[in-house]
Amino acid sequence: MKTLALSISGGGIKGVIPICALIALEQQTGKKVRDCFNFIAGCSTGSDIIALIESGVPMTTALTFYTGPVAQKVFSPRLGIEQWPKRVIDGYIYDPKNLADALKNALGTAAIWEINDCPNKILIIACDTSGKPWFYVKDGPKNSGVTGSCSLVEAVVASSAAPTYFNFSPVSVDGRTMYQADGGTSGFANPVFRMAKEMFKYDDFNPSDTRIISLGTGKYTPTSLPPVPKGLIGTIGFATSTLVNASGALAFEDLADQYPTCDVQILNPPSPDIDEADLSAIPQLLQIGKDAAAKIDWVKLLS
C-alpha cells in the first residue's frame with residue numbers, strides 16, 4: 001500500500017473548493033480526512049483546512065467555517081472602495097486576531113495544540129518580515145527541531161496572513177516572538193514540492209511508495225494577456241494575485257524533476273478570476289467545488 005499525502009494550496013475564501021472535494025472523500029470512504037493520510041501540507045487557506053482536519057472536524061462543518069458567519073467576521077470590513085485607503089495607509093484590511101479567535105472556537109480542545117500534537121505529520125508554511133520562509137513541521141531527527149513546539153493556531157494564522165489583506169501575525173518560535181505572513185509571499189502558495197522535500201529529505205518516506213494528492217483552489221486561465229496594471233491599486237492587485245498564482249505550476253515541475261518516481265494526482269478545477277476575500281463569490285465557489293467533487297473517485301485514489 002502506498003504512503004498517502006495531501007497538499008492543499010492557498011487562495012483565501014476559495015478554500016471552499018478543496019473542502020468540497022474533502023466532503024466527498026468522507027462521504028465515499030466513511031472516514032475522517034485525517035485518518036486517510038500520512039502527511040498533510042497546506043499554505044494560507046490550506047493551513048486553515050489542515051487545522052480543521054487534524055482536530056477531527058467533519059468537512060461538512062469545515063465548510064460552514066468558510067460560508068457562514070465566521071467568514072463574515074474574519075473578512076470584516078467587506079471588500080470595497082472604502083477599504084482601499086486603509087489598505088494603502090495601514091498596509092492591510094483585516095485583523096488576523098479575528099481569524100485566530102475563529103479558529104480557536106472551531107478547533108475546540110485542539111486550540112491549545114502544538115504542531116507536535118497533531119495526529120499526522122504536517123507542514124504549514126509562513127514567511128517572516130525578512131522574507132525567510134518558515135516550515136512548521138513536527139520535530140524530528142533530520143530537521144531543525146524548533147517548530148514542533150510552536151502553537152498550531154499561531155502558525156496557521158501567520159500562514160493565512162496574506163499581505164495587503166491581513167496584518168502580520170505573531171508566532172513564538174524557539175523562545176522568541178516574530179511577526180510572519182502568508183507563506184505564498186515566499187513562493188510556496190502551492191506547498192506540494194516543499195512537502196515532498198520534507199517527506200523525502202527530512203523524513204523517511206520513499207518517493208516510489210508515495211502518492212501525493214494536490215488540491216487546488218481553482219485554476220484561472222485568462223483568454224488573453226491582461227493589460228498592464230494602472231496606478232498603485234492596480235499594481236497592488238497584480239502583486240498580491242501573482243504571489244499566490246505564479247509558483248503553482250513551478251512546484252509541480254520541481255517535484256517531477258527532483259522526485260520523478262513519486263505519484264502525483266492534481267485536482268484543481270477551472271475557475272473564474274475570483275478575489276480571495278470576495279464573499280459574494282461563495283455560491284459560485286460552492287458550485288465549482290461540488291461539480292469537481294462529483295467527478296472524484298476517492299476510493300480509487302486512496303487505494
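Q: Helices (H or I, at least four residues) and strands (E, at least two) are DSSP runs here, numbered from the N terminus. With that settled, where is S44 found?
A: This is a predicted model, and in it S44 sits in the loop between β2 and α2 (45-54).

Q: What makes the phi of S44 worth a look?
A: Phi of S44 is near 60°, which is a positive value in a residue other than glycine.

Q: How do you know whether S44 is buried or exposed?
A: Buried means under 20% relative accessible area. S44 has 4%, so it is buried.

Q: And D174, is it buried or exposed?
A: D174 also has a positive phi, near 55°, in a residue other than glycine, and it lies in the loop between β5 (169-173) and β6 (176-182). Exposed means over 50%; D174 reaches 60% relative accessibility, so it counts as exposed.

Q: Why is strand β1 called largely enclosed?
A: Six of the six residues of β1 (residues 3-8) are buried, so the rest of the structure largely encloses this strand. In a regular strand the side chains alternate between the two faces of the sheet. Both faces of β1 are covered: T3, A5 and S7 are buried on one side, and L4, L6 and I8 on the other.

Q: How do you know which strands pair with β1?
A: Two strands pair if DSSP finds at least two bridges between them. β1 and β7 (residues 210-215) have six, in the parallel sense, with A5 standing opposite I212. β1 and β2 (residues 39-43) run parallel and are joined by four bridges, and S7 stands opposite A41 in β2. From β1 the chain crosses through helix α1 (residues 16-29) to β2, a right-handed β-α-β crossover.

Q: Which residues have the most contacts inside the largest nonpolar core?
A: That core has 76 residues, and L6, L22, F37, Y136 and W298 have the most contacts inside it. Helix α1 gives the most to this core, with nine residues. A second, separate core of 21 residues includes A5, V137, M199 and F200.

Q: What makes the packing of helices α8 and α10 roughly parallel, rather than roughly antiparallel?
A: Angles under 35 degrees count as roughly parallel. Helix α8 (residues 192-200) packs against helix α10 (residues 248-258) at about 30°, with their axes 7 Å apart. The two helices are therefore roughly parallel to each other.

Q: Which residues of α8 and α10 meet?
A: V192, F193 and A196 in α8 meet A251, F252, D254, L255 and Q258 in α10.

Technical notes. Residues are numbered from 1 along each chain as its sequence is written. This is a predicted model: local features need pLDDT of at least 70, side-chain atom pairs count only at pLDDT 80 or more; totals for chains, interfaces and linings use all residues. Side-chain values use heavy atoms; hydrogens and water are left out. Buried means under 20% relative accessible area, exposed over 50%, partly exposed in between (1.4 Å probe, protein chains only). A crossover is right-handed if, with the strands pointing away from the viewer, the path from the first strand over the helix to the second runs clockwise. A nonpolar core is a set of buried Ala, Val, Leu, Ile, Met, Phe, Trp, Tyr and Cys residues joined through side-chain atoms within 4.5 Å. Axes are lines fitted to C-alpha atoms, for helices over the stretch in contact, and angles run from 0 to 180 degrees between N-to-C directions. Angles under 35 degrees count as roughly parallel, over 145 as roughly antiparallel, 65 to 115 as roughly perpendicular and the rest as oblique. Contact means heavy atoms within 4.5 Å.
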